[in-house]
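Here is a structure to read for the first time.

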Amino acid sequence: EPKIKNFDDDEPYTDAGLGIVMKIADAENILINNFCNTNKAGDAALIKPDCPLAKMLYEKAIAMIPGEQYPVVQLAKVGDCLKAKEEAAKKAAEAAANKAEADKLAKEKAAAEKANKDQAAKNKAEADKLAKEKETADKAEKDKLAKENAAAKTKTANDKVAADKAAAAKKAQQKAE
């Protein structure tokens, strides 16, 4: 009361003030619990490693309590995790490209080998055909030569018989004279 300079307790105002302080304390406790739970979830995501989820959770924690350093430090670790994932993805893409190139080369090599085998088979078939033709031609030539030899022998024999007949006829004529 102002005239007496005495501070008097007014219970309804005190209770209202304490209620407001309790609400602030409860809200602060809820905020701290949410902040801690978000950081724990971020840590779990970083361990998995689910880097994008961890980054989102740490950014959410920073938005809850901007001055805290723990989520900022953890975001640096998330950055390293994301870089490692990018490098792994690049290596996997490079390995896939190398595998595709190796497969392509293997297919080309197989196609070339098949073409070579086909060409070799074709060449062999051509050689066999030529050999058969030559053999047939040689056989025909031998048959022709054999016929010619037989004809020559027959002619020689006929010439001899004719010569013998002519000689016999000459002898007979000489005898007749």
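Helices are DSSP runs of H or I with at least four residues, numbered from the N terminus.

Q: Where does Pro49 lie?
A: Pro49 sits in the loop between α1 and α2. The model is a predicted one.

Q: What makes the peptide bond from Lys48 to Pro49 cis?
A: The omega of the bond from Lys48 to Pro49 is near 0°. For background, most peptide bonds are trans.

Q: How many helices and how many strands does the protein chain have?
A: The protein chain has three helices and zero strands. Read from the N terminus, the order is α-α-α.

Q: How do you know what span to expect of α1?
A: The rule is 1.5 Å times one less than the number of residues. Helix α1 covers residues 11-47, which is 37 residues. The expected value is 54 Å. From first C-alpha to last, α1 reaches 53 Å, close to that value.

Q: How does the radius of gyration of the protein chain stand against that of a compact globule?
A: A compact globule of 177 residues would have a radius near 16 Å. The protein chain has 58 Å. The C-alpha atoms fill a box of roughly 205 × 25 × 20 Å along the principal axes.

Q: What share of the residues counts as buried?
A: Buried means under 20% relative accessible area. Of the 177 residues of the protein chain, 9% count as buried.

Q: Why is Asn39 called buried?
A: The cut-off is under 20%. Asn39 has 5% relative accessibility, so it counts as buried. Asn39 lies in helix α1.

Q: Which residues is Asn39 in contact with, leaving aside its neighbours within four places in sequence?
A: They are Tyr58, Ala61, Tyr70 and Pro71. Contact here means heavy atoms within 4.5 Å.

Q: Which residues of α1 are buried, and what covers them?
A: Phe35, Thr38, Asn39, Gly42, Ala45 and Leu46 are buried in α1. Their cover includes α2 (51-64) and α3 (70-176).

Q: Which residues of α3 are buried, and what do they pack against?
A: The buried residues of α3 are Pro71, Gln74, Val78 and Cys81. They pack against α1 and α2.

Q: Why is Ile47 called exposed?
A: Exposed means over 50% relative accessible area. Ile47 has 71%, so it counts as exposed. Ile47 lies in helix α1. The C-alpha atoms of Ile47 and Cys81 are separated by 9.9 Å, though the two are 34 residues apart along the chain.

Q: Why is Lys77 called partly exposed?
A: Its relative accessible area is 44%, which falls between 20% and 50%. Lys77 is found in helix α3.

Q: What part of the accessible surface belongs to carbon and sulfur atoms?
A: That part is 59% of about 14800 Å².

Definitions and conventions. Residues numbered from 1 in each chain as written. Predicted model: local features only at pLDDT ≥ 70, side-chain atom pairs only at ≥ 80, totals over all residues. Heavy atoms only, no water. Helix = DSSP H or I, 4+ residues; strand = E, 2+ residues; numbered from the N terminus. Rg over C-alpha atoms; globule rule 2.2 N^0.38 Å. Buried < 20%, exposed > 50% of the residue type's maximum accessible area, 1.4 Å probe, protein only. Areas by Shrake-Rupley, 256 points an atom, 1.4 Å probe, with all protein chains shown as cover.
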